[in-house]
Amino acid sequence: MNTLIALVIAVVVIYLAYVFYAKRVDATIIKADPKKATPAKMYMDGVDFSPTDRNVLYGYQFKSIAAAGPIVGAITAANLWGWLPSLLWLLVGVSFIGWVQDYSAMMMAVRKDGDSLTAISHKLISPRTRNIFLLFIFVYLLMIVGAFGNLLAGTLNTQPSVPLGIIVLAVAGMFAGQMLYKWKMDLIVTTIIVVGVTLLAILIGPVIASSIAGFNAALNTLGLKIYYVETTGAVLPFTTSYMFWLLVVVVFSYLGATLPIWRYAQPVNYIGFWVMALTIVGGLLGAVLAVFLKPAAATFTLPDYKGFDMGTGGALQPLWPMLFVTIACGAISGWHALVSTVGTGRQLEYETDALPVGAGAMFSEMLLSLLALLAISVAGKGAGAAAFANGVGQFLNVIGLDATYGAALGFAAFVIIVITVTQLALRFMRVVLAEWLGDMWAPAKNIHVGTIISAILMIIIVLSGTFTYMWQIFGGANQLMAALALMLVTLWLVETKKNPAYAFWPMLFMYVTCIAANLISAYNLYATVLLKQMGKPGLEFAVFGAGAMIVIAVFLDVAALYIGWDAWKAYGRLKAGKAAPAPAE
Amino acid sequence: MQIGIELVRNRIACALEAFRQVLYGAGAHEIVLYTVRLRANMENLFILVTLGDLIGVPILPPYYSLRLLPYLVPQVSSWKRRVLRERDILDADGLDLLA
């Protein structure tokens, strides 16, 4: 297998799914009508509701959904089960489930006056559903900051060529905010300066790597250690330098969570977009050309299939259901439904734009996930981030960039995209906390208090567990949100007397799969940490964290069952053509 | 022949324009949206200060409100839509940056 064949298969599958399935659903079931007024036109306020060209919206939707998820998930899954199951799930998932959710959620919002997913769940199912949805979102965010914090601290600690780029990114982000919003500088000039400086720092990274490695070694002489349990059952320490870099990540994210968006979070995100875009375009180009120019760099070296159950140390990692939560974005992601409803859905000029924007962006995101899969498949060995970066380095080498600098760019792009998501997740956690606790406990409304609480929760999750379990529980929360979004779509189709089968069957598959996956994650934590390490000195943190994550995994399932039960009752009501009862709150 | 060349030229121009728009959407649209949101927030405050009477908040003496009326009336309908719309937690700033 080589990169070109994989890309050609993916493009053919996308074409067939879009032309013969997506367009058919759009024309025969949803019946998108360019003459119907969209919320963007009906409620135009020049801000949230504003008709926008579909090409612009396609770019906006793609940028909003394509972040760290499609990259990290594909890397983790390919390492666990091999590249073939990952590739198949990406292709099948996006063709029959992924685009269905993004597009249908967008159309549902368009036909429901631009309501958000939580507001629709409040109206279609019950007020309780909305509250459970919010809890889902908080847990999703908590697990994402935990998993990403773990990943970031690990990468910054073990890859001394990366930190310079990240520090310069933070400074360049602040400057970009100042230049754009205060000095009113031209966007193109600002982009050239800040992106150029960040790229320069990334490429200088390998030159000063030995100094950073020396700094890490000096930190580690302090001997501060917290132990955690690996997926293999091995007990390993988080070193002092790891904790230092975790602190750097927390400070970076704290700034993103507390400063005004224009001052820091948005410009950092903007710079990250360009670094990532250049890496993706260069990487994809290299992946295609490698077949002709440097065949060795295009040949898969990762095993195609490693086995069905890849669990070690008493843990279970069966392909079903765990693959389907490990690869979330790229195949399907619940978060997309949130963005599709409150972001893009309110800007659609014509209903007929929903298909190229919603489904088109989802198919494109799959290609990003595929790039990550290709990169790790050709690199073949090494831990996730390292294998990805080395694979990208090989692709960039094909188009003329030295492999060392290519790998540095791959690492930096990976870390930048992960850290930008982490800071925004922390920001949104404090918003959710303020909403929940603000009325009962006034200090929760203070942005610093909310952020500190969120950061402490993040540190607890990071220091108490392994990345794989955190990622899979995050995937469980994310994919369950997708199942619940598809549940809402099914109910909406029933309400409007349309055939719901194209949304119902994917929903049922994802619902059952995610509930099973969460139970397995809870069992894995019990079997590998609680059962074996309970009461052992030095492992209190790991045991406490494993207990907390078991509670989270079980909570997700119970909440999903509650929503499922409420949705079943709503289904009966809607099928009978009755209106929803008046909200009790 | 001339028509064929013209057609190809038009197609290329359309493709380049579409690419430019996609790039703008991915790179700059959220910045523009945020700037518009900032301006709208300022506008909300300004209209509240000048036409607060509309919702029972008499802040400026009516004389000054009357002087400003011709400038503000065109914005009142979109202002009312903005401030009266029921908001959900998912409407918080920054959600669109996070995915």
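1. Helix H3 of chain A and its surroundings. The buried residues of H3(A) pack against helices H12 (265–293), H15 (334–344) and H16 (354–379) of chain A, together with H1 (2–27) and H2 (29–51) of chain B. A contact requires the C-beta atoms of two residues, placed from the backbone, to lie within 7 Å. Helices are DSSP runs of H or I with at least four residues, strands are runs of E with at least two, and both are numbered from the N terminus. H3(A) is mostly covered, as twelve of its twelve residues are buried; among them are A:Arg54, A:Tyr58, A:Phe62 and A:Lys63. A residue is buried if 20 or more other C-beta atoms, placed from the backbone, lie within 10 Å of its own C-beta, exposed if 12 or fewer do, and partly exposed in between. The helix covers residues 54–65 and reaches 16 Å from its first C-alpha to its last, close to the 16 Å expected at 1.5 Å a residue. The expected span is 1.5 Å times one less than the number of residues.

2. Basis of the model. This is a predicted model, in which local features need pLDDT of at least 70 and side-chain atom pairs count only at pLDDT 80 or more, while totals for chains, interfaces and linings use all residues. Residues are numbered from 1 along each chain as its sequence is written, and chains are lettered from A and ligands numbered from 1 in the order in which they are written.

3. The contact between the chains. Chain A contributes 44 residues to the contact and chain B contributes 31. On the side of chain B that touches chain A, H1, H2 and helix H3 (62–84) of chain B each supply at least two residues. H1(B) gives the most to that side, with eight residues. By class, the side of chain B that touches chain A holds 17 nonpolar, six polar and eight charged residues. Here Ala, Val, Leu, Ile, Met, Phe, Trp, Tyr, Cys and Pro count as nonpolar, Asp, Glu, Lys and Arg as charged, and the others, Gly among them, as polar.

4. Overall form of chain A. Chain A contains 22 helices and two strands. Its C-alpha atoms fill a box of roughly 70 × 55 × 55 Å, taken along the principal axes. Of the 585 residues, 59% count as buried. Among contacts in chain A between residues at least 6 apart in sequence, 82% join residues at least 24 apart.

5. Strands S1 (residues 226–229) and S2 (residues 235–238) of chain A run antiparallel and are joined by four bridges. Strands are taken to pair if DSSP finds at least two bridges between them. A:Ile226 has A:Phe238 in S2(A) as its bridge partner. Five residues lie between the two strands of the hairpin, and A:Gly233 in the turn has a positive phi of about 95 degrees.

6. Backbone points to inspect. Most residues other than glycine have a negative phi, and most peptide bonds are trans. A:Lys31 has a positive phi of about 55 degrees although it is not a glycine; this residue lies in the loop between H1 (3–30) and H2 (39–42) of chain A. A:Lys31 counts as exposed, because it has 12 C-beta neighbours inside 10 Å. A:Asp113, likewise not a glycine, has a positive phi of about 60 degrees and lies in the loop between H5 (83–111) and H6 (117–124) of chain A. With 15 other C-beta atoms within 10 Å, A:Asp113 is partly exposed. A cis peptide bond, with omega about 10 degrees, joins A:Trp320 and A:Pro321; A:Pro321 is in helix H14 (residues 319–326) of chain A.

7. Just after H21(A), A:Gly535 takes a positive phi of about 85 degrees. A:Ala560 lies in H22 (residues 540–575) and is buried, with 23 other C-beta atoms within 10 Å. Not counting residues up to four places away in sequence, A:Ala560 touches A:Leu480, A:Tyr511 and A:Ile515.
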